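The sequence and the model are shown below.

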Amino acid sequence: VRPGIYALPAAGILTLAPWIFILRQPDAKTDPEGFARAVTSSGGLIGGYMYMVGFTCLLVGLFALYGYLARTGASGWAAAGLLATMVVIAITLMTLGTLVVAAPVLADAYLAGDHGVSSGLVLMSGESWRIMKSIEVAADLSLIGSVAFAVAVWKSGTLPKVAGILLVPGIFASMSQSPIVAWAGAALLII
């Protein structure tokens, strides 16, 4: 169980680093060619995959945390936290998978001269209602899951209460689309 807990700080690092690449992307509406070049660059692809691996590490770390908390009187809260965060991570990985694969495919078409796909590039840059709704649902569920885990840590009596307090903003903020908020969440997962 203990080695699995180290996946939580790894998740923080792996969800923090990709923002370096995300923030460098031009706006797909005003500079579709620049956006296409950014998402097909090595950094853009590595950043997207790092983000996905980060959320996979978060899942492993939360399974390990659940394994530890399941042996305490707070097992019900831990199970609720694990269930909610599993759904969150599944939704997030599906959404990120779509963005990490589809955006470069559309970008390749755009760079090859098919400028009719520029509206698709705009959608892949975060302008899609469906993508944003899935991110919102995941963020809402992450709050529920992180609070349940925090209560479990608090009630367990075996872990420092501050760990539970930091877990709520750490998980919730890491789901944010705002770089500063996401960085704060990632930093709390590292702690």
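## Helices α4 and α5

Helix α4 (residues 32-40) packs against helix α5 (residues 42-69) at an angle of about 60°, and their axes are 4 Å apart. The axes are lines fitted to C-alpha atoms over the stretch in contact, with angles from 0 to 180 degrees between N-to-C directions. α4 and α5 are therefore oblique to each other; angles under 35 degrees count as roughly parallel, over 145 as roughly antiparallel, 65 to 115 as roughly perpendicular and the rest as oblique. Helices are DSSP runs (H or I, at least four residues), numbered from the N terminus.

Ala38, Val39 and Thr40 of α4 meet Ser42, Gly44 and Leu45 of α5, where contact means heavy atoms within 4.5 Å. This contact has three nonpolar, three polar and no charged residues. Ala, Val, Leu, Ile, Met, Phe, Trp, Tyr, Cys and Pro count as nonpolar, Asp, Glu, Lys and Arg as charged, and the others, Gly among them, as polar.

## Basis of the model

The model is predicted: local features need pLDDT of at least 70 and side-chain atom pairs pLDDT 80 or more, while totals for chains, interfaces and linings use all residues. Residues are numbered from 1 along each chain as its sequence is written, and side-chain values use heavy atoms, without hydrogens and water.

Rings of Phe, Tyr and Trp (its six-membered ring) pair if their centres lie within 6.5 Å; planes under 30 degrees apart count as stacked, over 60 as edge-to-face and the rest as tilted. Trp19 and Tyr51 are paired edge-to-face, at 6.4 Å centre to centre and 85° between the planes. Trp19 belongs to helix α3 (residues 19-22) and Tyr51 to helix α5, 32 residues apart.

Trp19 has 4% relative accessibility and counts as buried (buried means under 20% relative accessible area, exposed over 50%, partly exposed in between, with a 1.4 Å probe and protein chains only). Tyr51, at 7%, is also buried. Tyr51 and Phe55 form an edge-to-face pair, 5.3 Å centre to centre with 85° between the planes. Both lie in α5, four residues apart, about one turn of the helix.

## Helices α8 and α9

Helix α8 (residues 129-156) and helix α9 (residues 161-174) pack at about 175°, with axes 8 Å apart. The two are therefore roughly antiparallel. Contact residues include Leu143, Phe149 and Trp154 of α8 and Ile165, Leu167 and Phe172 of α9. By class, the contact has 13 nonpolar, three polar and one charged residue.
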